[in-house]
Amino acid sequence: MKKIIAIFLIVSMCLYLSVPASAETSLTEEEMMEKNRLYHLVIDWFESKYDASCHGDFYFDHNGDLILNIVPEKFTSKMKEDIYKCNQMLQRNILTKKGIRTVEVQYTLKELYSFYNTLLDYYKTEGFYCISIDTINNKISVELPNSIPRIKNISTFSNIPSEAVHFCYKESGGFTIKKAADRYLCDNNISTRAITVNVRPGTTGASGGSGCTMSWGIKYQGKYCYLYAGHGVELGNSVFYNGINIGKAIYKKTGGSLDCALIERADSAKSISNLLPNGDTLSYAAPKRNYKANDIVWMYGASSARRSGTIQRISAGVYTDEGYLSDVILASYTGASGDSGAPVYYGSSDGRTPLGIHSAYSKTSQYSAIIKLHNILDTTGGVLYDF
């Protein structure tokens with residue numbers, strides 16, 4: 001059955017990629033998104049056949065062209081043959097005419113994850129700035145405040161070669177999340193007389209003086225909820241939208257891989273729109289799981305409106321004012337106070353794919369931290385629900 005599926009994908013791609021595209025050297029955002037989507041067709045097909053532990057990682061260069069890190073002794077003749085076939089198909093479309101370029105590296109993705117986990121265990125109690133897997137340079141990146149010393153002898157860890165780790169110091173470390181000056185308890189009881197209101201994503205919800213951005217609708221344990229930032233509300237507290245009590249927090253988690261809250265609707269008449277303030281449609285498709293470095297993503301925050309950036313790290317650990325967060329995505333867009341909880345998503349001419357919610361922005365590194373939406377759904381058991 002797997003062979004049949006693979007053959008079908010190849011035939012489908014041949015038919016689609018043979019269609020000519022714009023020959024302009026400077027691509028529009030829509031063309032860049034289409035180019036990204038076409039490349040992901042071959043990425044998904046290739047990775048359905050081969051475990052990532054057999055090679056490095058796919059990523060995109062500054063022009064949006066696709067590169068594959070390979071470890072020569074583990075890159076088989078069959079893999080080379082399949083990459084050649086992929087390139088034959090890709091080169092039929094002017095957007096992807098450069099095909100897939102391969103770069104030889106020393107460590108597989110599996111090995112990098114092993115190094116990452118060892119260093120994570122070593123540093124996470126120290127409140128470090130950031131540690132992440134840099135698949136582009138095939139290293140582990142450790143960014144530290146000056147107050148925390150680097151490991152004097154990396155060879156202390158028998159499984160980590162010294163050349164596989166890059167240390168970097170920052171004058172002041174840490175993602176900062178502005179805390180509410182006067183976070184107070186709101187009315188903990190949901191009002192049965194609450195006025196019907198159509199909640200719009202990408203706009204502000206408020207709880208105890210702390211404003212965050214409303215996001216997707218989620219059905220959780222049979223209850224209809226709004227997705228919100230965990231650090232923006234206390235469990236059991238009410239959330240207000242345009243001065244109206246829309247519900248209370250029935251789930252909250254800040255730590256591990258999550259910084260989120262679920263706000264139960266105040267009554268059955270309330271609904272959540274799938275339209276962002278600029279008129280774009282917020283997709284309720286299955287959340288993205290196979291993101292790559294340099295993928296283009298969008299965030300729509302109540303403070304910053306729509307911002308676009310690229311993924312810099314696919315799995316990083318960061319330390320915030322609220323504590324340590326693991327397995328977050330780092331992206332290059334800017335954010336501001338009030339954007340927490342904002343939807344982050346892929347975009348293209350043929351639809352959008354959910355990615356996660358904005359958690360924090362660091363002025364020091366100019367990276368934003370994204371909580372993965374599939375981690376939220378997997379942990380809570382909730383499902384996206386457009387009510």
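Predicted model: local features only at pLDDT ≥ 70, side-chain atom pairs only at ≥ 80, totals over all residues.
Aspartate 327 counts as partly exposed, because its relative accessibility is 23%. Aspartate 327 belongs to strand β18, residues 323–331, and although it is not a glycine, its phi is positive, at about 55°. As background, most residues other than glycine have a negative phi.

Glutamine 221 is placed in the loop between β10 (217–220) and β11 (223–228). With a relative accessible area of 63%, glutamine 221 is exposed.

I turn now to helix α3. The helix runs over residues 77–90, and at 1.5 Å a residue its 14 residues should span 20 Å; the C-alpha atoms at its ends are 20 Å apart, in agreement with that expectation. Which residues of α3 are buried? They are Met79, Asp82, Ile83, Cys86, Asn87, Met89 and Leu90. These residues cover an arc of only 160° around the axis, and therefore lie on the same side of α3. In general, an α-helix has 3.6 residues a turn, so residues three or four places apart point the same way. On the face of α3 turned away from the buried side, we find the exposed residues Ser77, Lys80 and Tyr84.

Next, the aromatic rings. The structure contains eight aromatic pairs. One of them joins phenylalanine 46 and phenylalanine 75: the ring centres are 6.5 Å apart and the planes stand at 25°, so this pair is stacked. Phenylalanine 46 lies in helix α2 (residues 29–49), whereas phenylalanine 75 lies in the loop between β2 (66–70) and α3, so the pair ties together parts that are 29 residues apart in sequence. Phenylalanine 46 and phenylalanine 75 are both buried.

Arginine 306 lies over the face of tryptophan 298, at 4.0 Å from the ring centre. The charged end of lysine 288 sits over the ring of tyrosine 346, at 5.1 Å from its centre.

Technical notes. Residues numbered from 1 in each chain as written. Heavy atoms only, no water. Helix = DSSP H or I, 4+ residues; strand = E, 2+ residues; numbered from the N terminus. Expected span 1.5 Å × (residues − 1). Buried < 20%, exposed > 50% of the residue type's maximum accessible area, 1.4 Å probe, protein only. Arc of directions from axis to C-beta. Phe/Tyr/Trp six-rings, centres within 6.5 Å; stacked < 30°, edge-to-face > 60°. Lys NZ or Arg CZ within 6 Å of the ring centre and 35° of its normal.
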